[in-house]
Amino acid sequence: MNRRPIVTYAGDNSVFCGLQAGLATGLPQETVEWRRSYGRPSRCVHVEVDFVPFSEEYLGKDAPRTILGQPIFHTYWTDCADVEAYKNLARDSLQAWVMSLKQQGITDWMVILLETPDTRKGNKLLPRTTVLDKIKNDFGGKQAERCMSVIDPLKSDSRSMESWQTLLTKMRHLLMVAYNRALNRFEESMRAERERRTEKSWSFCSYFLLQEELAQVFQLLALYDEALVQYDELDALFTQFILNSAAGDSPPWLNIFSQPCEKWEGLHLTSELDTVVQGKIQSKEVTLLEFRNYLFQRQCALLFQLNKPWEVAVRALTFLQNTVGELKILEIGLAPGGVACWGVLSCLEVIDALHCFKEPTTTDAHALHTAPLWAYARDKLQELGSLCGLMPGSETSSAQLHTVISLVCGMGNDPHTHDQPQEHSSLSQDTPMTRLKDSLSSPQAFKKHFLDLSEVAISTYKHIGRIRSARLIGRDLATFYMAQGEPQKAATFLTDQLTMFLEEGWLLLAAQTHLDLAKCYLAINDLERYIRTCAQLAGSVALSADVRKRHFVKMMSAIQDVNQDTPLLIPSDRIFEVGGLKLVSEGRIILESEVKVELSVLSKLPDDVSCGTIYVMLQHSQEDDIMSVKRSSEIDRKTGCSTGSSQPAGSKSQSSAMVHRSGSGSTESDRSSVPSDTTDLESSSINPMTQPLHMSLHLEYKQDKALSSAAVTCSNSHKVLRRRDSQGGLYKVDRNIIKEDLKDKLTADDVIIRPGSNTIVLSTKVTKKGRYSASQVVLALDKVEFICSKTSVSGPSLSLEVVSENPRIFLGRRDRDLLAGMHQPMVLTVHSGSWHIAKDTLVKLRTSRGLSVKCENNESNNDTLERDLEVVLPEVCPFSSIAVPLTVLADLGPQRDAATVEHTVAISSPLIDHRLDIDVHFIPPFMSSHKLHTANTSKFVQVTVTGLVSRAVELSCPSLTLMDPEQHFKLIPLHPPTQTLVVCTDQAASYMWGMEVDYTRDETPVIKMGFTLRYRPLDENSQPLPEDFKTYTYTFELQDYKTLYTIRARVEPSKGSELCRAGNMCHLHIALQQVSSKLPSTETDGTGASQASQHSIMYEVLADQTMWAVCGRTAGVLTLEGGLRQSVTMDVMPLTGGFLPLPSVRLSKYIPADAKHTTSKDGGRKMEYVGTASSVPRLQPFTPGQVYNFSKAQQVHVLPASNTLQGDLSLT
């Protein structure tokens, strides 16, 4: 833009000329803040001005009507360095300049005084006032900052550079102040002019140039967005005037734009200003197309400078459509095809301009809006082809040739001819005008360009996901190829369009497309596709009955012309609807049985169809029999031993069902997101919309295990939401039908299918066990087979399970745990599976030793319990079961703990292949234990019977006997002999006998005793069950039962004290006495210990440290060789008052180290200890009952400590 704001200069022109170059280059180098009026935001702009000499002619112009080319700032330059010279010469000139500005009301001026460093050095004495001070006093007034001095910048002094930069900064600021004031006056003038738009004398062209000048000012200041706003306001104002004229309010100036357009030049997007059109606007001779091209070109230039090329693409299509609408509103005369030429040229120009800004980040943004431009250019080119006779199937007449010539002439000259340099003149062949002229030159060239535009438009629409628009263009191409005689290419586009219509459910449009496809297939003699298309048309509900009947006849006649060895396969979609498959056969399906299935078919054909065969393919899947047998045997064994499935086979036991639910609870949520059948996966390969969404629950927790968020996620969204146009869509119209080759099928012969609903019964005989699932449904005619895939079958899928189960045998308990030693009920369950069990079939049971069994409903009246039992079965039908009640009895032996009694039952029968071993566990009802009690030399035997189960057991007739008849010990019962006790889980029974021991005898023989009692179970009401008493026997041995030593201990106060006191020393007297002088021989571990070691015992005093303090040794070894009694005295101190238990005394057998006698060199004997395992002394505890402590649990009364002693103890 060459028009810049003007700054005048006056005064000494030679001074300014020396600084003009520096000012012109220095002012735009830095930005200056433009503080705008009316509350608008501040902007930082660059200032560029033109300097002209001052003249009063500029001051007399009408400044508010224009701003460019007008002086907005005035400067005065002088280099007067002497005050006297200033008064005599410069003052009058400066005063005249200022007065001329004041007369015009101009306040934007500046006075610059040029100083040199030499003049300052010459004046050694500083004057009282300088020239700058005089200028400020004379002319500055309140604006003294407009008067400033500058040191000659030609000097390389730092002061000079600083002074120069200050001048530039000050001048930029004052320039923007002047600029703002001038713009405010200009905007007010422009606003007043716009308010006059309702007057008849008002002209839009004059106002357009006025507001455009404001836009140019903003563009000069690099405020492109502000400039674009001005052009947008002009565009909106002009559009509103045209819309109002359509309603009858047409201003007089609009007649200028209503004149006929003799040229239809397209857009030329360049940054340069079109002065030719601007001149026509000024002279009011511009046409509507020229004005619209000029206005849009200015908008695009600003958008490109703002780096918003995508917005150009956004506005382009609206601009084209609105301009065509304005031509119609104003009824502007235009040659036929002129608007189409203008549209093609404009679209191609915009697209070419956008290619210069093509970047990877903006490709999608461009494609979103360039796709409609490609389609618009293609439509307008197709319009030109129809007008000029260039379409296929038409011949160009002489009138159409004249039309082509007139259209080419109306395009004008190619504006891109002057844009490219001479060496690149060959590139001008690719300009929009050359391409359009080439398209109109011949039908072949037109076909090439038309197909290129169509291909680009389709691919761009597909890229942005607008498949419908791409398919509509494909329909036009199909018409183009049909007219050109290429039906094969037309069928491709029609097939794609048919796929889209079928996806979206446009049945009428799909039927019309089928009609066009039928013509294409008939033209190319594709008999297979022609029959398919006729079948679809015959079954289309969107067509009339006559059309459907006609195409049904064509289909049947075309079928007779099929000459293939294999039948023609046709998908039954939208021809036959299979309503569902229903199993008619009742009960479970077993081998060699006949299966009947009812098939519902809805025929959409207008007439009857005779089918030779209708069959349904059955897909067979067989399980591994060996693994199933192993798994069932393991389940039977575990069920019989642990859970004891005593219920019939038709229902699972309660315990096993509960375990199954608790075990599968965590996996059910996982299985919910996985397809349970392969049907979904197979259907998704044809129609992804039927594929299930695999949803899963996603939980997020905080650090404190609290729930943070919950969401539902789809794991296969990438498959469901993927692009489908490149894969042929949801429905592949021309997909190859694959007929499954399966041996198993349900068939029905010679069936006539009538229009509407039909019910057909199909049957087959199954010969293999396993699962059968229905697959394809085939309706076979003479030479054609209609295939219905299993995904197209409505309703639930048919699944047949042919079973061949082997008989199974279970042995389990009834309702509660099995108890040993009592009659217990059990159940033998036989499940027939798919077999028929004959009458009198035997099932043999053999139990382990100690377990006997009998059958409750035994007809032979054999009520005895035996280890071997034969159960005779009645007749059992398939898939039924029978339960045989049994009674078992497990022997109860001496039970010393709560361990269960384990037995094994072996089951063998012709019904099973292998012997079945079942582990059965019995719980003992009670257990027994014994204990020996001592009172000095008296002995007592206690036997305790502890209940282990909740069922009560009655005990009676307890007895304790010696197992060895040669032993003579007298046992005296201390309990009533006829007493009856009851034991259960929370209750035990104890029995005690006194035993007389002979201490005169030296040996202590082992006593073997036998405890017996009688027991029987009780019911819930503690009443005895009808069951005989059973005998329980418990044997045990007693060893080392004689009392060997007795201990007596006492605590006495020290001399001088009568009672023991805390903190005072006392004496502990311990007396050990041997009951018999003859002790039993003690084992010496084979080392031959001396006889003295047999009488050595070790005592230990064990005192509670919180009560007693033992002084001296607390342990020692005593030898009872000389006498039967030994005494030990030691000092003890009670630590607290009260009744204190005596310190306990523990005795142990002391076994000294083994000694070996050797002979020394001098003939003497010496004792030598060898390093063996027995070379160290050791202790051996006495067995319970060999030591009796008379002082056990005795207490001594201890007085509390005295006050003096307490003080001493506290001090210590």
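Colleague: Which residues form one aromatic cluster?
Modeller: In this predicted model, Trp202, Phe204, Tyr207, Phe208, Phe238, Phe241, Trp253, Phe257, Phe291 and Tyr294 form one aromatic cluster.

Colleague: How many aromatic pairs does the count come to?
Modeller: The count comes to 38 aromatic pairs.

Colleague: What makes Phe16 and Trp77 a tilted pair?
Modeller: Their centres are 5.3 Å apart, and pairing needs centres within 6.5 Å. The planes stand at 55 degrees. Stacked needs under 30 degrees and edge-to-face over 60, so the rest count as tilted. Hence this pair is tilted.

Colleague: Why does the pair of Phe16 and Trp77 tie together parts that are apart in sequence?
Modeller: Phe16 lies in helix H1 (residues 13-26) and Trp77 in strand S5 (residues 71-78), so the pair joins parts 61 residues apart in sequence.

Colleague: Why does Phe16 count as buried?
Modeller: Its relative accessibility is 0%. Buried means under 20%, so Phe16 counts as buried. Trp77 is buried too, with a relative accessible area of 0%.

Colleague: Why is the pair of Phe257 and Phe291 edge-to-face?
Modeller: The ring centres are 5.3 Å apart and the planes lie at 65 degrees. Edge-to-face means over 60 degrees, so the pair is edge-to-face. Phe257 is in the loop between helix H8 (224-246) and helix H9 (275-283). Phe291 is in helix H10 (residues 288-305), 34 residues apart from Phe257. Both Phe257 and Phe291 are buried.

Colleague: What sits over the ring of Tyr615?
Modeller: The charged end of Lys745 does, 4.6 Å from the ring centre. The distance cut-off is within 6 Å. Arg1048 lies over the face of Phe1190, 3.7 Å from the ring centre.

Key:
Residues numbered from 1 in each chain as written. Predicted model: local features only at pLDDT ≥ 70, side-chain atom pairs only at ≥ 80, totals over all residues. Heavy atoms only, no water. Phe/Tyr/Trp six-rings, centres within 6.5 Å; stacked < 30°, edge-to-face > 60°. Helix = DSSP H or I, 4+ residues; strand = E, 2+ residues; numbered from the N terminus. Buried < 20%, exposed > 50% of the residue type's maximum accessible area, 1.4 Å probe, protein only. Lys NZ or Arg CZ within 6 Å of the ring centre and 35° of its normal.
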